Amino acid sequence: MSLFKPSLLTLAMVAASTSMYGFAAEAEDAVSADESIEVLKVTGIRRSLQESQSLKMSSSSIVEAISAEDIGKLPDVSIAESLARLPGVSAQRLDGRANVISIRGMGPDFTTATLNGREQASVNDNRGVEFDQYPSELLNRVVVYKTPDASVMAQAIGGTVDMQTISPLAHGEQTFAIGLRGEMNDLGALNSGSEDTGYRGSISYIDQFADDTIGIALGYARMQSPNQEERWQAWGYPKLDYVDTNPDVLGGAKPFVRSSELERDGVLAVFEYAPNDFYHTTVDLYYSKFTDDQRLRGIEIPAQWGANGGIEATNTEDGLVTEGVIRGAEVVVRNDVNKRDAESLSVGWNNKFFLSDSWSIEADIALSKAERTDIGMESYSGTGRGTGVGAVDDLGFAYNGDGGYNFTHGLDYSDPNVIKLGDPLGWGSPLGANTQDGFINKPEIEDELKSFRLSAEYVFDEGIMRSIEFGVNRTDRDKTKLDKGYYLTLKGYDGTDPNYVMTVPDQYLLSPTSLDFFGMGDVLSYDSLAFYNDGNYTETDVANVDLSRATNSWGVYEEISTAYVMANLETELFDLPLTGNVGLQAVHSDQSSDGTVATVENGEVVLTPRTAGDDYVEWLPSINLGLAIADGQMLRFAAARTLTRARMDKMNANVNFSYNENPNDGVNWSGSAGNVELRPWMARQYDISYENYFSDQGYFAVAVFYKDLENYVYDQQSAFDFSTILPQNPGDNPIGLVTQPQNGDGGYVQGIEASFSLDFGQFADVLSGFGTVMSGSYNDSEVKETPDSDPTTLPGLSEKTFNATVYYENSGFEARVSSRYRSDFLGEVTAISLTRQNVNVKAETVVDAQVGYDFSDSGIDALYGLSVLFQVNNLTNEPFTSYTGDDARHVRDYQNYGRNYMLGANYKF
């Protein structure tokens, strides 16, 4: 019995472009040998939409899907951009590009990413995958599972994103595909020595051999992409003169321009072998190397929080000083470098044994590795060493209405005879007073994830159960972070001259950088990384004097064993077809961590190794049901208990503490710590959806969901027995107060989402080729630390999201305009010393557009397979804005990225 009566097009789309672990078997059985499949000649935007719709329709779970328009051609330049167009999915931009996603209001911490069904290691401090590591040119499609079933090993409360590569045997024909695009940013090269042009290129080869029993797919993609940014960044907004009744005023600012060059190389290899009806094996390999080289130049301007002559407020509006003068201002000219080198490797070997018409066995083994090395360097210069020494300036400022300020100045901040290397504001004293002339962070991350899965399925001849599937899965994950940071002091400083500064040597000087975007003119520019690499600084390890830095390094290890059973159902309810599944997972987790206990003795940081761990079992039932209430109409219901594992950077065994010999409250010990005993976030979730498929390229769907969060992880102060890690003095109270992440109370997330796809050609021939895809969602949440505490904001949750795409495709010509909107949300951004911080992010609408032509429809045989494309990203130049508190004028970051233009061609033969 079939759930739907799909058209030939639907069946063929599923079969012909299936990836390795998808829907090939069902679709190939459904298409009989004598039926024509001429409709497969549909290409471009419509091909992508039709296949995505067929995947959504045929799934037993509630899913959304993105399919490639053709080999090497996903709809957008990055996976995250494409994902952000799906119903209930939104993306957060990093340096102008979509980087991480939220699903149904649940942020990156609650989302799991897999490649061909296998969980992936990540290059960041946590589990969340940064999707810009994966070249879209090497992927066939991406499926977002909003409801889990028992066979999904990488469950998450928000959802699971499965990136899928192509199956060469299912593809069924030899194919070469080549793509090349040039790109340019309209802000130009903002920093000296930077570029505003780049390129993307890819090549793919797919073929079959030995009577179609062997298939291979090879792909290579390279990107060298420029990225520019003008950024206004504020320290904060205290009260003027620190008087509570006064208006808020700018505390300080760090405006700068950033120029980045992203380089990414990606390699994909797939080997598939099916010698007979009994055995099928696939080996796939994916490798990516990613480099992000950033140059940042700007000025740090202390205002209310600075040692200056005070602020003269000349205009105030609604409790905020909007115009004024910083008298006697002393600033820091910054020449900074951020560089990230990351590598990802994923290897998998899948084997399927079809023992009979009823029995099949599947064995899968996989390895995923990720490594990341960062350099975050700061180099300071100014008019003197320490405050009150060098020349000062009167800086006028005026609020510009967008969250930033325009300045006026008197000094020439590009003059190397005025601006010299040193510690202008006395930020640190590693080698005496005012000797922090710079700083460098060097964190390293290594993540390794190994998995083995063995499962079996038995197919019944009759009854309500179509089949039963059961199996076991083992996943071992080791993640380590080595976090090193160093104060930098000029080697020419020997302590004999407390006012020592250094003129930048000529060999490092560059052309001045313009900061006209906020009125500060040109600033001194030099190659600070070359200056550092040539040995001009003395380094002092911060961990020797800073307790928090000493406990930033850690290792977290997990051994996860899962057993599951799932019954696939196929029956009738009220004479209507009912299909789905019901299942159960038993998950045993053994987690441990290597960390450090740090304290200060005689002015020095003392470190003691510490190892701790815990284990637990969780039971995860799930059910997915689909009732075909009419031809092409589906009513779905799903319920499950799901888990998302705690952040790995919260699960470390580190402890730092201080000892008070004569405390007033009787508590000798206090400190902060990680928590290796953290339990996962747990939720009971319920989903209902209605889907109406009224054509091969037209559907309407609406879904409501409710997630009952059993717990939530918060930083809480609690009692800690210090006698477990340290000997105690007679009379000491070993129970101290430690701030650490713990499993607190829970709450809920609920929402509604709707989507539709429409081909206007259904209404009139004159509209043939025109169409639209739209979706929107509304999310609401309430999460509490304790039953009596106030609700907190859930990171990543936008109350409203809306996506719209309007397209035209006919006779080889295609055009598309896409827009995505998300309302304000709490986002995670980079803070001081490359740490992560949650801030309020302002609502944004990002618009992209592209036009192209496929010469395969031109009738010119020599150009068959050639297509050209022109694309504009961030067409309306939408900024990224974050703010503090409830006043949207209290802008923390205002980032202007400009527009990216791309022109290129693809050729397939």
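The legends below accompany close-up views of a predicted model.

View 1. Five strands, in the order β1-β6-β7-β4-β5, make up an open sheet whose pairing is mixed. The edge positions are taken by β1 (63–67) and β5 (118–119), each of which has a single partner strand, so that one side of each is left without a neighbour in the sheet. Within this sheet, strand β4 (residues 111–115) and strand β7 (residues 159–164) run parallel and are joined by five bridges, and Ala113 has Val161 in β7 as its bridge partner. Helix α3 (residues 44–58) lies across β1 and β6 (141–145), and the helix runs at about 150° to β1.

View 2. Is Ile66 buried or exposed? With a relative accessibility of 5%, Ile66 counts as buried, because the cut-off for a buried residue is under 20% relative accessible area. The C-alpha atom of Ile66 is separated by 7.4 Å from that of Leu83, a residue 17 positions away along the chain.

**View 3. The four-stranded antiparallel sheet.** Four strands form an open sheet in the order β14-β15-β18-β19, and their pairing is antiparallel. At the edges stand β14 (311–317) and β19 (405–408), each with a single partner strand, so one side of each has no neighbour in the sheet. From one strand to the next, the twist averages 15°. The antiparallel pairing of β14 with strand β15 (residues 320–329) extends over six bridges, and Glu312 is placed opposite Val325 in β15.

**View 4. Two loop residues with positive phi.** Most residues other than glycine have a negative phi. Asp318, although not a glycine, has a positive phi of about 50°; this residue is located in the loop between β14 and β15, where Asp318 is exposed with a relative accessible area of 74%. Ala210, likewise not a glycine, has a positive phi of about 50° and is placed in the loop between β9 (197–209) and β10 (214–236). The relative accessibility of Ala210 is 44%, so this residue counts as partly exposed.

View 5. Arg97 and Asp292 form a salt bridge in which the closest N and O atoms are 3.8 Å apart. Arg97 lies in strand β3 (residues 97–103), whereas Asp292 lies in strand β13 (residues 279–302), so the pair ties together parts that are 195 residues apart in sequence. Arg97 and Asp292 are both buried.

View 6. Asp265 forms a salt bridge with Arg222, with 2.8 Å between the closest N and O atoms. This pair links distant parts of the chain, since Asp265 is in strand β12 and Arg222 is in strand β10, 43 residues apart. Asp265 is buried at 19% relative accessible area, whereas Arg222 is partly exposed at 21%; the two residues fall into separate classes because the boundary for buried is under 20%.

**View 7. A salt bridge between two loops.** The side chains of Arg385 and Asp437 meet in a salt bridge with an N to O distance of 2.8 Å. Distant parts of the chain are linked by this pair, 52 residues apart: Arg385 is in the loop between β17 (359–382) and β18 (393–399), and Asp437 is in the loop between β20 (420–421) and β21 (438–441). Arg385 is buried, with a relative accessible area of 1%, and Asp437 is buried with a value of 0%.

**View 8. A network of salt bridges.** A search of the whole structure finds 59 salt bridges. Lys56, Glu64, Arg104, Lys146, Asp687 and Glu753 are linked in a network of such contacts.

**View 9. A nonpolar surface patch.** Phe271, Tyr273, Val283, Trp349, Ile365, Phe452, Leu454 and Val472 make a nonpolar surface patch of about 670 Å². At least two residues of the patch come from each of β12 (256–273) and β22 (444–459). Tyr273 lies in strand β12 and is partly exposed, with a relative accessible area of 31%; Tyr273 can therefore be included in the patch, for which the cut-off is over 30%.

Definitions and conventions. Residues are numbered from 1 along each chain as its sequence is written. This is a predicted model: local features need pLDDT of at least 70, side-chain atom pairs count only at pLDDT 80 or more; totals for chains, interfaces and linings use all residues. Side-chain values use heavy atoms; hydrogens and water are left out. Patches are made of residues with over 30% relative accessible area and no salt bridge: like charges are joined within 9 Å, nonpolar side chains (Val, Leu, Ile, Met, Phe, Trp, Tyr) within 5 Å. Accessible areas come from the Shrake-Rupley method with a 1.4 Å probe; for residues, only the protein chains shown count as cover. A salt bridge is a side-chain nitrogen of Lys or Arg within 4 Å of a carboxyl oxygen of Asp or Glu. Buried means under 20% relative accessible area, exposed over 50%, partly exposed in between (1.4 Å probe, protein chains only). Two strands pair if DSSP finds at least two bridges between them. Axes are lines fitted to C-alpha atoms, for helices over the stretch in contact, and angles run from 0 to 180 degrees between N-to-C directions. Contact means heavy atoms within 4.5 Å.
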